[in-house]
Amino acid sequence: VMRLEKERVEAIKREAANWTPDADTFVFGSRTDHHARGGDIDLLLLSEKKVPLATLRHLRRAILDEIGEQRLDIVSFARTAENPFKDVALSTAAKL
């Protein structure tokens, strides 16, 4: 369950596929808690290698151009990376 309008989900998926075609995209944080209200949009990208920061910046701008200005955070991890933050984020994440 995630608290994002269908149009925003489709825009995020479209831009993620454009900028990071080999990555799986997940929403995590408050947007996956149906009891929460508001909150920023937190995205996690999983791919063979961590997505370069410059690409993440372009992706973030492209998404915001589609959905309007709001708080949007994007993190990237290699699928095989061992990272406690990644593990916690994925434990409640919803794949787009």
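The model is predicted, with local features requiring pLDDT of at least 70 and side-chain atom pairs pLDDT 80 or more, while totals for chains, interfaces and linings use all residues. Residues are numbered from 1 along each chain as its sequence is written, and side-chain values use heavy atoms, without hydrogens and water.

**Stop 1: Glu15**

Select residues 6–19. This is helix α1, and Glu15 sits in it. Helices here are DSSP runs of H or I, at least four residues, numbered from the N terminus.

Is Glu15 buried or exposed? Glu15 is buried. Buried means under 20% relative accessible area, exposed means over 50%, and partly exposed lies in between (1.4 Å probe, protein chains only).

Glu15 has no salt bridge. That term requires a side-chain nitrogen of Lys or Arg within 4 Å of a carboxyl oxygen of Asp or Glu. The nearest side chain of opposite charge is Arg14, 4.8 Å away. For charge, Lys and Arg count as positive, Asp and Glu as negative; His and the chain ends are not counted.

Leaving aside residues up to four places away in sequence, Glu15 touches Leu59, Ala62, Ile63 and Glu66. Contact means heavy atoms within 4.5 Å.

**Stop 2: Glu66 and Arg14**

Glu66 forms a salt bridge with Arg14, with 2.9 Å between the closest N and O atoms. Glu66 belongs to helix α2 (residues 53–67) and Arg14 to helix α1, so this pair ties together parts 52 residues apart in sequence. Both ends are partly exposed: Glu66 has a relative accessible area of 42%, and Arg14 has 44%.

**Stop 3: Asp65 and Arg61**

Stay on helix α2. Which residue does Asp65 meet in a salt bridge? The partner is Arg61, at 3.1 Å from N to O. Both residues lie in helix α2, four residues apart, about one turn of the helix. Asp65 is exposed, at 58% relative accessible area. Arg61 counts as partly exposed, at 36%.

**Stop 4: the network**

Select Asp24, Glu48, Arg79 and Lys95 together. Salt bridges that share partners join these four, Asp24, Glu48, Arg79 and Lys95, into one network.

**Stop 5: Glu5 and Arg8**

Finish with Glu5 and Arg8. Their salt bridge has its closest N and O atoms 3.5 Å apart. Glu5 is partly exposed, at 40% relative accessibility. Arg8 is partly exposed too, at 25%.

How many salt bridges does the structure hold? The structure holds eight.

Notes: Helices (H or I, at least four residues) and strands (E, at least two) are DSSP runs, numbered from the N terminus.
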